[in-house]
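Dear colleague,

Please find the structure below, handed over for your work. My notes on what was found in it follow.

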Amino acid sequence: MARRSGLMLLLLAAAAVASASVPPSCERIECPSYEVVDSANGFEIRRYSDAMWASTAPIEDISFVAATRTGFLQLFNYIQGKNAYNETIEMTAPVLTQVAPSDGPFCVSSFVVSFYVPAKNQPDPPPAEGLHVQRWAGARYAAVRRFGGFVADSDVGEQAALLDASLQGTRWAAAVSDGRRADPTSSYTVAQYNSPFEFSGRVNEIWMLFDAKDASDM
């Protein structure tokens, strides 16, 4: 009975993460705004408005976890005031890691880690050595799959494959595929919404980004 009850609690927690329309972290800290334009079993299509991200240079590593940690430390120093304006910046979510996978399991992949710039800083984001600003002008679309727990190296490829499989045969498959071909530096993106010190209720997502022109044919 105890085992059955524990399993039921895990299933309910997984269902809550999968069905939540807005990650709980976004009720506490600023996140980029978006509109859900479609959803189905295993994925959600979002339209993001103008957004700005502070991003690292590409980080070459065999480990997603190690590369994300390296990039996050650069961005954490940035928001703590290590920037040209010596300005402290509010923490936001999610932290993104764009992934350009290697050709094999023991080869180096390329990762770019990004921090969402708060709205009040977007008119003049502080410059910083080793970082650059990515601006999403106009609408940007994302096919999204949500999953929980701490992200491991083995998770990201598996979750990306599940998202890709769930899109096959849908009206979004061609647009997502065109978007991935248009940007070979980013096959998919991992979004993480929680502090490393939060051990429960963690929310992560796989994003496959595409532009408005690809969505206009939908």
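I begin with the surroundings of one residue. Ser114 touches Trp53, Ala54, Ser55, Leu75, Pro94, Val95, Leu96, Gln98 and Gln134, leaving aside residues up to four places away in sequence. Please bear in mind that this is a predicted model. Ser114 belongs to strand S6, which covers residues 109–116. With a relative accessible area of 2%, Ser114 counts as buried, because the limit for that class is under 20%. Among the residues it touches is Ser55, and the side chains of Ser114 and Ser55 are joined by a polar contact of 2.6 Å.

The largest pocket holds about 590 Å³ of space. Its lining consists of 24 residues, and those nearest the centre are Phe72, Asn194, Ser195, Pro196 and Arg202. By class, the lining has 15 nonpolar, five polar and four charged residues. Helix H2, residues 64–79, contributes the most to this lining, with seven residues.

Helix H2 also contains Thr70. The relative accessible area of Thr70 is 37%, so this residue is partly exposed: the value falls between the 20% and 50% limits. Thr70 and Thr56 are separated by 14 residues in sequence and by 9.6 Å in space, C-alpha to C-alpha.

Turning to charged pairs, a search of the whole structure gives nine salt bridges. One of them joins the side chains of Glu205 and Arg46, at 2.6 Å from N to O. This pair links distant parts of the chain, with Glu205 in strand S10 (residues 204–211) and Arg46 in strand S2 (residues 43–48), 159 residues apart. Both Glu205 and Arg46 are buried.

A salt bridge between the side chains of Asp164 and Arg180 has an N to O distance of 3.3 Å. Here too, distant parts of the chain are linked: Asp164 lies in helix H3 (residues 153–167) and Arg180 in helix H4 (residues 173–182), 16 residues apart. Asp164 is partly exposed at 28% relative accessibility, and Arg180 is partly exposed at 26%.

In the salt bridge between Asp178 and Arg181, the closest N and O atoms are 2.3 Å apart. Because Asp178 and Arg181 are three residues apart in helix H4, about one helical turn separates them. Asp178 is partly exposed, at 33% relative accessibility, whereas Arg181 is exposed, at 58%. Finally, salt bridges with shared partners connect Glu44, Arg46, Arg146 and Glu205 in one network.

With kind regards

Technical notes. Residues are numbered from 1 along each chain as its sequence is written. This is a predicted model: local features need pLDDT of at least 70, side-chain atom pairs count only at pLDDT 80 or more; totals for chains, interfaces and linings use all residues. Side-chain values use heavy atoms; hydrogens and water are left out. On a 1 Å grid over the protein atoms alone, a cavity is a set of points where a 1.4 Å probe fits but cannot get out, and a pocket is an open set with protein on both sides within 12 Å along at least five of seven lines; lining residues have an atom within 4 Å of a point. Grid points are joined across faces, edges and corners, and a volume is the space filled by probe spheres set on the points. Helices (H or I, at least four residues) and strands (E, at least two) are DSSP runs, numbered from the N terminus. Ala, Val, Leu, Ile, Met, Phe, Trp, Tyr, Cys and Pro count as nonpolar, Asp, Glu, Lys and Arg as charged, and the others, Gly among them, as polar. Buried means under 20% relative accessible area, exposed over 50%, partly exposed in between (1.4 Å probe, protein chains only). A polar contact is a pair of N or O atoms within 3.5 Å; within protein, one must be able to donate a hydrogen and the other to accept it, and residues adjacent in sequence count only if both atoms are side-chain atoms. Contact means heavy atoms within 4.5 Å. A salt bridge is a side-chain nitrogen of Lys or Arg within 4 Å of a carboxyl oxygen of Asp or Glu.
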